Amino acid sequence: MASVDAPTELGLARRVLAAVVTRPWRNAILAGIGGALAIGLLAVANEAHVALLLIPPFGASCVLVFGVAASPFARPRNVIGGHLISAAMGLMAVAIFGPGALGIAAGVGLAIASMMLTDTVHPPAGANPIVVALAGAGWTFLLTPVLAGAVTIVAIGWAYNELRSRAGV
């Protein structure tokens with residue numbers, strides 16, 4: 001004998017199946033591959049001791065660069081400028097207030113304001129002052145990992161998205 005809930009369960013199963021089938025699988029998979037390539041390259045450079053190029057905010061940057069490349073937050077000027085400005089604000093705040101709560105808070109606040117004033121808002125970069133404080137980073141942090149890593153992500157993103165466009169995928 002059939003359960004009273006059978007029609008409801010069948011309806012739910014159909015809705016779930018329809019949701020799965022209509023997802024943009026190709027774009028999601030291709031964006032994931034692009035992000036994995038970029039982070040993989042940065043991670044290999046770290047592991048080979050070529051250069052420190054990997055910081056956690058770069059994972060979120062890859063979401064924007066590969067997942068929503070048309071977003072203003074994914075523009076090269078925003079990715080590179082946002083990371084540089086935010087890291088610089090973090091370094092300045094930590095130099096003035098120390099690496100504690102006040103330095104971190106001031107760094108994040110200054111980073112947000114500076115990115116907004118320079119039209120380089122890149123949300124993942126807002127984490128850079130926290131990384132600066134927790135890692136005890138010095139001013140060379142601006143060159144590696146920040147500048148070198150951000151430029152690498154932008155370059156790989158541009159090349160990857162250009163290849164996808166030319167291939168029609």
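Which helices each supply at least two residues of the nonpolar patch? In this predicted model, the helices in question are H4 and H5.

**View 1. Helices H4 and H5 cross each other in a right-handed sense.** Here H4 covers residues 76-97 and H5 covers residues 101-117. Their axes come within 8 Å and cross at roughly 145°. On the H4 side, the contact is made by Gly82, Ile85, Ser86, Met89, Gly90, Met92, Ala93 and Phe97. H5 answers with Leu102, Gly103, Ala106, Gly107, Leu110, Ala111, Ser114 and Met115. Sorted by class, this contact holds 10 nonpolar and six polar residues, with no charged ones.

**View 2. A nonpolar patch lies on the surface.** Look for Met92, Ile96, Phe97, Leu102, Leu110 and Trp139, which together have about 610 Å² of accessible area. The helix that gives the most to this patch is H4, with three residues.

**View 3. Arg75 and Asp119 form a salt bridge.** The closest N and O atoms of this pair are 3.5 Å apart. Arg75 sits in the loop between helix H3 (57-67) and H4, while Asp119 sits in the loop between H5 and helix H6 (128-135), so the pair ties together parts that are 44 residues apart in sequence. Searching the whole structure turns up two salt bridges.

Notes: Residues numbered from 1 in each chain as written. Predicted model: local features only at pLDDT ≥ 70, side-chain atom pairs only at ≥ 80, totals over all residues. Heavy atoms only, no water. Axes fitted to C-alpha atoms, helices over the stretch in contact; angles between N-to-C directions. Helix = DSSP H or I, 4+ residues; strand = E, 2+ residues; numbered from the N terminus. Left-handed = near helix turned anticlockwise from the far one by under 90°. Contact = heavy atoms within 4.5 Å. Nonpolar A, V, L, I, M, F, W, Y, C, P; charged D, E, K, R; others polar. Patch = residues over 30% accessible without salt bridge, like charges linked within 9 Å, V, L, I, M, F, W, Y side chains within 5 Å. Areas by Shrake-Rupley, 256 points an atom, 1.4 Å probe, with all protein chains shown as cover. Salt bridge = Lys/Arg side-chain N within 4 Å of Asp/Glu carboxyl O.
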